[in-house]
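Student: Could we go through this structure together, one question at a time?

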Amino acid sequence: MLEKKLTVSSSPHLKSPVTTRSIMLDVVIALMPALVASVMIFGVRSLLLTLCCAAACVVFEYLYALLLKKPQTVGDFSAVVTGVLLAFNLPVTLPLWMAIIGCFVAIVIVKQLFGGIGQNFVNPALVGRIVLMISFPAQMTYWVAPGSGADAVSSATPLAVLSGAEGTMPELAELLFGLRGGCLGETCILALLLGGVYLVLRKVISPVIPLCYLGTVAALTALGGAYPLYQLLSGGLVLGAIFMATDYTTSPLTTKGRIVYAVGCGLITCLIRLFGSMTEGVSFSIILMNLVVPYLDKLFPSKPFGGKPKEKREKGAAA
């Protein structure tokens, strides 16, 4: 009779088939409807800009690991996701060399210098966008009308029109399908929602953060009489709520923490949009709330697996 041997090993003892690579591939797939929509709206250059950003992020991550003799991580597709998201936050006319600078900031400075994937304390793509916005304000705020192609025609964004700039406000249907000026990946709300539904169904993200973020903006802009539907469908709000505010590394672990985090994002977005000199506030709001995440995780800690609620532990100790 064969004796059964007891295997002693360190945790974790239960392993999931879900990997970083599979999660990032799901995010890439979810971003594809918005990429297709951007090509249809702004032309082939949107595809060129996206491919350039994705390739630059991969190259920077590969070279950084090579120079510092660290394990290569380009195979997990996180650099590709960062590149695509950065491109989605850029105007289609931005020179490629400027976009590459943003990729360097996102990958090398924000991600790798802080330890790589899982160690960055703010969203890399958003920091890359903010650095480009501060460094090249004219190029980063030059919007083109949909379908203008090579003969780029300057067009005010809906948020700029709401703030008093000259221009005609698009219909809600036009905003839903992306027929407006803006960054190449933020305009088609329908495509972004399709990607968001895919991520929720695949259980890559929880709907808590996007719903609370969008709901807060809707409620506050309605109270302020600032056309909530236009605020929701304009700018990068939906893109940020679904694809960037939900980043695993820079968002809270618990549901309560996520609710507070998302409400904070919505509050700061509305303060910037309604009372600030900038028409958009999504990037800054997410970055600022990223900095608060460690405190939210301490305020709303996750319960250890198999642990008892605090009340039951106290009753048991008293007994």
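Tutor: Gladly! Buried means under 20% relative accessible area, exposed over 50%, and partly exposed in between, using a 1.4 Å probe and protein chains only. This is a predicted model, where local features need pLDDT of at least 70, side-chain atom pairs count only at pLDDT 80 or more, and totals for chains, interfaces and linings use all residues. Residues are numbered from 1 along each chain as its sequence is written, and side-chain values use heavy atoms, with hydrogens and water left out.

Student: Is Phe60 buried or exposed?

Tutor: The cut-off for buried is under 20%. Phe60 has a relative accessible area of 19%, so Phe60 counts as buried.

Student: How many aromatic pairs does a search of the whole structure find?

Tutor: Rings of Phe, Tyr and Trp (its six-membered ring) pair if their centres lie within 6.5 Å; planes under 30 degrees apart are stacked, over 60 edge-to-face, and the rest tilted. With that rule, the search of the whole structure gives four.

Student: Which kind of aromatic pair do Phe60 and Phe104 form?

Tutor: Phe60 sits in helix α2 (residues 45-67) and Phe104 in helix α4, so their pair ties together parts 44 residues apart in sequence. Helices here are DSSP runs (H or I, at least four residues; strands are E, at least two), numbered from the N terminus. The ring centres of Phe60 and Phe104 are 5.4 Å apart with 80° between the planes, making the pair edge-to-face.

Student: Is Phe104 buried or partly exposed?

Tutor: Phe104 has 36% relative accessibility. Because of that value, Phe104 counts as partly exposed.
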